[in-house]
Amino acid sequence: MRLVEEGELRLDDDLTTLLPAFPNFEQGRRISLRQLLNHTSGLNDYPAADFVRLLHSEKPVAALPASFVLDYLDGRALDADPGFQPELSVRRGRRAGGRRVVQHRARSGSSARRAGRARFIPEARIVEMQQPSILADRVAVDYGLGVRRGRLDGHSIWGHTGSFLLTYGAVLAHYPDDDVTIAVLVNTANTAADALVIEGLVAREVLGLPESAADTPKLSREASMMYAGEYIGDRYYDVQAIRGGNVPDARERFAIVEKSGHLERIVLNGDERPALKLVYKGNHSFGRADWPMDRFVFDVEAGRARGYSEYYNGIFAPFNRRVEP
């Protein structure tokens, strides 16, 4: 964004201009810098099964050369039309560890911090980065230009995450209305709680948020049918399958079903996960009965959900699109 501000790049530059070595010219002409930044380019996502196989077939290296990725993409079809559906990755294996009360925390001058950011990137560009992305069918998702958005019990968040493919290894979350920034770094994928779980637990203590109630009024059958249906998400892969060398290559599919006045999410392919009970929070938003900090927010048009966004500890993760009809 600093190079855009300085006129060295434009958000509408295409991939062939940005990277002349990109092997698929016709694809590259259709993909813009903006789409690379907001993850709507349609390029194969790195958890794709054959990419994971390729990684595991190579000897461990400190860093992959650019040629590794370009060779992988050479001649490959796009996962989706550019600008259509984000390929933002779903992360799993998140478990809540023990809670710890934060008694002391560092504070910094908000005006000084904002001034420091503005010296690197003008405030107007920061605001531009924070805007939601509008997909080709007018669905808005809470991913900006390299920035995840969200809300934790009414508190606005923006920031980003980093991963070990299967769990979150890093989180930077800024709560602008509260003048709070939380950074978590984890140096192993085998912790009892990953970085995003830790950030959420710290945020609840620092912001003084109460535990969310799991009780919810039952939905009418008419209301339930607004959301019920089959949804398709990101590419699916399973930890045990990867370790065993058998990596499935299919997108996750879910069903939202009504059961006794409540909604449940059922995984239709992949590992056998139990049904997930959803707790109605109003305004097309649902929590998880087993983890109250997460949210499922449905995009509804003309009385029918077109998809739903998942928010992990308040931070936007994937968007799952409804399967027609």
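This is a predicted model: local features need pLDDT of at least 70, side-chain atom pairs count only at pLDDT 80 or more; totals for chains, interfaces and linings use all residues.
Residues are numbered from 1 along each chain as its sequence is written, and side-chain values use heavy atoms, without hydrogens or water. Local features need pLDDT of at least 70 and side-chain atom pairs count only at pLDDT 80 or more, whereas totals for chains, interfaces and linings use all residues.

The largest nonpolar core has 23 residues. A nonpolar core is a set of buried Ala, Val, Leu, Ile, Met, Phe, Trp, Tyr and Cys residues joined through side-chain atoms within 4.5 Å. Buried means under 20% relative accessible area, exposed over 50%, and partly exposed in between (1.4 Å probe, protein chains only). Leu152 and Tyr175 have the most contacts inside this core. Two or more residues each come from β5 (168–175), β6 (180–185), α9 (195–207) and β14 (315–322). Helix α9 gives the most, with 6 residues. Helices (H or I, at least four residues) and strands (E, at least two) are DSSP runs, numbered from the N terminus. Beyond its neighbours within four places in sequence, tyrosine 175 is in contact (heavy atoms within 4.5 Å) with residues including Leu152, His155, Val180, Ile182 and Leu207.

Another core, of 15 residues, lies apart from the largest one. Among its members are Tyr231, Phe254, Leu263 and Leu276. Strand β9 (residues 262–267) is largely enclosed by the rest of the structure, because 5 of its 6 residues are buried. Strand β9 pairs with β10 (residues 276–282) in the antiparallel sense over 3 bridges; pairing requires at least two DSSP bridges between two strands. Arginine 265 has leucine 276 of β10 as its bridge partner.

The structure holds 9 aromatic pairs. Rings of Phe, Tyr and Trp (its six-membered ring) pair if their centres lie within 6.5 Å; planes under 30 degrees apart count as stacked, over 60 as edge-to-face and the rest as tilted. Tyrosine 280 and phenylalanine 286 form a tilted pair, 5.1 Å centre to centre with 55° between the planes. Tyrosine 280 is partly exposed at 27% relative accessible area, whereas phenylalanine 286 is buried at 1%. Phenylalanine 286 also pairs with phenylalanine 298: the centres are 5.6 Å apart and the planes lie at 80°, so this pair is edge-to-face. Phenylalanine 298 is buried, at 5% relative accessibility. Tyr227, Tyr231, Tyr280, Phe286, Phe296, Phe298 and Tyr308 form one aromatic cluster.
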